[in-house]
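Here's a quick tour of a model, written for someone who likes cut-offs spelled out. Have the coordinates open while you read.

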Amino acid sequence: MRRIVNVTFADDLIEAALGEASDPCKLIFPTEISAAQARQRFMPDWRLQDCEFLSMKEFKNSLLLPPGPVASDDRRLLCLYQSLSEEDREYFHSGGYFDIVEWGNHFFQLFEELSDECVDPDALRDTATSFGLVLLGWQEQYLDRILDVRARYREILDQSGLCDPIFSRRIEAFLPPTGHCRYIFVNQYYYSKLEKELLTALEKEGNELVIIFQTDGQGCGTEQLESPQVALERINAQDIRTKKVEVIERENEDQMVLTFLEYLVPASEESVIVDSQFHSKHYRRLFSPEYFAASQSQSMVETGIYAFLQILFTQLKALDATQEKIYVPLRQIVAACCQPGFLRYYRPDWGRRERSELLEEARQLLSQDILYVDSSLELFQTVGLKGIYERLPELLKSHFDLLAKLASVGTPAELIGLIDAPGGLSIQAMCAEPELLYSDVLERFYERLANFASLTHIPVVSDWQGLFASEGIALAANILQLFLEALTSAAIRYKTSPSPEGKRFDISNLLDLRDLSYDTTVFFHAIEGQYPSNPAPAWLFNEYQRGKLGLKNYAELRERERYYFFRQVFTSHKVYLFTYRDQEKDIEPGSFVTELLAALAGDNLAGIMAQSQAPTPTVRDLYLARAQNCSPERGISPASDQCASLQDLRERPNEFFVLPPNPEDDLGPECQLEASYQSISQLDKNPFVWYIKYHGKLQRVELRPEETISRKLHGALLHDYMARVLTRLAGEHRQVSELAPVLDSQMMLTSELTKLIGASLYHFKLPKNYNHEFLTSVIFDRLAGSMREFFKDFLVPQLQDTSFELIPEDAERTAFREPHKVLLTREVDGVEYKLAIRGIADLRMESPQRNLIVDFKTGSHDADQLMLYEFYYYLLNGEYNNQELFSTFWMILDEKHEETTSEEKREKWRDRLAQDLVDVITKGYGQGKNVQARQELRGITRADLYHPAAGGAQ
């Protein structure tokens, strides 16, 4: 016998379910979370009834017993991979085991759905006859192939003594329970055909079925277990709990979160944030665990164990990809050091000071363009680094020792042997303290580890090297990746203690909230694509074909999601929906939200308070609020004048991103602005950026350098090479032919380049991957060849029949110990201001006839640089004759020189710099003069230059 019970959204669903409990009975809920909460509410009033609380999955497993051990997760995919022929792997574009993981998940999902809907897979071979459905040619071919794979997969399982639910989960496997019982199904919105057949079978055995639906009060539930529909036009205020609905629109998700943190405070009643993306979003760090509880169920991927093992895997792969298999990219080391779990594992005693020193050492290496750290740590013994670094070598010694042990792993058994072994992988040390205190992470980990260990007890793979087609470090990385794949599907549970100032906000998602109710519900990301969600990409069958086959399609999934959404809204007293729109990214409020607002405007729900908030004011208003925080009334006086000047920014929008002038502090008592070419060029293009980089000394460091031949590396290598070769030839020469033994010898020039790279930090700056071959086989020859052409095509014609002095760039930049020279002066308000320059040319040659300046370039160039050299070396000397000066660029890759200076250009350049000097003294440091100049340091804003601790002055 079955009985249908309808409760309204105003009723307590769990309370209604417990009211149906008898002795004996089983209460079946959609999720384990709702079953656990019902059990928790039941226990205080327990009267020794025989009541069991199950999820629907647990219910089905209790009635459909498999014929043997079940292949799951890794064993399942390993068996599937071995069932693929070489032709199959080529057809499905599989280059290795891990290429079939996603494909395999789709494969199993399809056949699990067919099993749940009682569809015979063999009937798919003739869909036209069985389902009245005609497939495309490629679909028929693809389907035939996966059905053949399914058959071979079953044979491999039989040989291993395993089974799979896609073969055993059928009504024929139904095992009737002993005795009679009342089965209470609590708001299982959708019943598959297999689930319906199980309920019918239980009913035939004499059991009582109670089917509870939570609906809009119109009695939608039927004995056929059809999904109830939510018709908003017939919902009345007395049938729901909702008293207030507020839609808060912002411009983006960051504003959404910040508004929430300012707008709402933890309430004493039960509250929840509905956000399925929370644990993968950057803003999660803004939510204090004192007021916001992690979701009861959380993926193992979010734990310290997984994060640490992922670091090891990433670096094993990097080791295998580099030459000699001994280098780890420095960017990966820095990324690891930025994770608290990594430092906690090796140096739990380090405090903030030690961690800051460690990251500063890493930053210093990055600023020198170091790309790699070698596993033997020889980097820190090279010239220029020896004895300077302390924290990094100390940390990396322990880390590389562990990596070396992992690199020797060749089977899952060997990996398992390292876990919790002395000097091996200490699992507990990988966990954060809250994970150990408040979650079952260790229990779930060792559960997965035991399942992984079964690969050695139930051997589904006999040759691991053959399976992965790899050996050595690559094999170790593949085995560790296999273990990581086994962990990804695990979930952990958190238990939390009550907040000292009231109950925390729970953080959950719509699927976990089925059957649960809260007084306050907050939806994040109430936008189209989230509520409702976008359809998943089709695999093999399209939506129409899935419907004809009896499988769930997007229309049905959307209707389920719609029910879950409105059920959550209508069972909450207060509802806050945070949404945002962005026309460029095609983001707008979700259709569920707009549908709800339309319903709230009707007569049936007129008693519910409905509000909407528009986006916040412009960014400029936020800066005005910042200025008020720096007001003298708050006792912050050092920058009160500057802060007060921000008050009228509405009327002066063009000055918003202009730093105000302060010549006394910026130029010092000498009233002199000192600059090299790079500095003075930046001042001319973008004074704002100049202030940040050259006056403030805040140079950008690339924290994630690519393992490639960057322009910066190419330029540095070029200049160091030229200096190395030409320094040997520095001094007086009677004729140009004296340079030929060095500059006209390809073998000599290439040898010098090889020495430069092999005996310096360049060994750790050059790529250790496929780029290295290109560098040594192409660029090396090009650099040496260009130097030879420079001698023959430029030096020989220019210096023929004359003596000269060769003055190359000093490798140690000794010229920068020379003083600046004043290029120009300008008087402003009775004060004389000076612009002084200093520079060092790549090569100069002075002869009785004329003086030559050469700068070597591989790419873009600017005549301004040559003019600075001309002024610095010669033109600021009153005795020099301009007619005897010749400056040029030698283009390394083009093997030619370009003359780019003239008297007219020099005068215009100096006049432009004079105006730049006057502008920064009188107007301040503004933005660039064109779009290209304003692209640099796009992340720097006016707000970044003000700090409340210093009254906004820093």
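Aspartate 801 sits in the loop between helix H35 (770–799) and strand S19 (804–808). Helices (H or I, at least four residues) and strands (E, at least two) are DSSP runs, numbered from the N terminus. Before going further: this is a predicted model, where local features need pLDDT of at least 70 and side-chain atom pairs count only at pLDDT 80 or more, while totals for chains, interfaces and linings use all residues. Residues are numbered from 1 along each chain as its sequence is written, and side-chain values use heavy atoms, with hydrogens and water left out.

Back to aspartate 801: its phi is near 60°, a positive value in a residue other than glycine. Aspartate 801 counts as exposed, at 72% relative accessibility. The scale here is buried for under 20% relative accessible area, exposed for over 50%, and partly exposed in between (1.4 Å probe, protein chains only). Leucine 540, also not a glycine, has a positive phi of about 75°, but leucine 540 counts as buried at 7%. You'll find leucine 540 in the loop between S14 and H23.

That loop, between strand S14 (520–523) and helix H23 (543–549), holds proline 532 too. The peptide bond from tyrosine 531 to proline 532 is cis, with omega near 0°. Another cis peptide bond joins aspartate 23 and proline 24, with omega about 0°, and proline 24 lies in the loop between H1 and S2.

## Salt bridges

A salt bridge here is a side-chain nitrogen of Lys or Arg within 4 Å of a carboxyl oxygen of Asp or Glu. By this rule, the count is 50 salt bridges. Here are three of them:

| Pair | N to O distance | Separation in sequence |
|---|---|---|
| Arginine 125 and aspartate 148 | 3.1 Å | 23 residues |

Arginine 125 is partly exposed at 42%, and aspartate 148 is partly exposed at 36%. Glutamate 870 and arginine 906 are both buried. Shared partners also join Arg3, Glu20, Arg182 and Glu208 into one salt-bridge network.

## Two helices crossing

The axes of helix H29 (residues 677–685) and H37 come within 10 Å and cross at roughly 70°. Axes are lines fitted to C-alpha atoms, for helices over the stretch in contact, and angles run from 0 to 180 degrees between N-to-C directions. That makes H29 roughly perpendicular to H37, a label covering 65 to 115 degrees.

Which residues meet? Ile680, Leu683 and Asp684 in H29 meet Arg912, Leu913, Asp916 and Val920 in H37, with contact meaning heavy atoms within 4.5 Å.

## Arginine 391

Finally, arginine 391 lies in helix H16 (residues 391–407) and counts as buried at 11% relative accessibility. Leaving aside neighbours within four places in sequence, arginine 391 is in contact with Trp350, Arg353, Glu354, Glu357, Leu358 and Glu361. Arginine 391 and arginine 355 are 36 residues apart in sequence, yet 8.5 Å apart in space, C-alpha to C-alpha.

Note on methods
Parallel < 35°, antiparallel > 145°, perpendicular 65-115°, else oblique.
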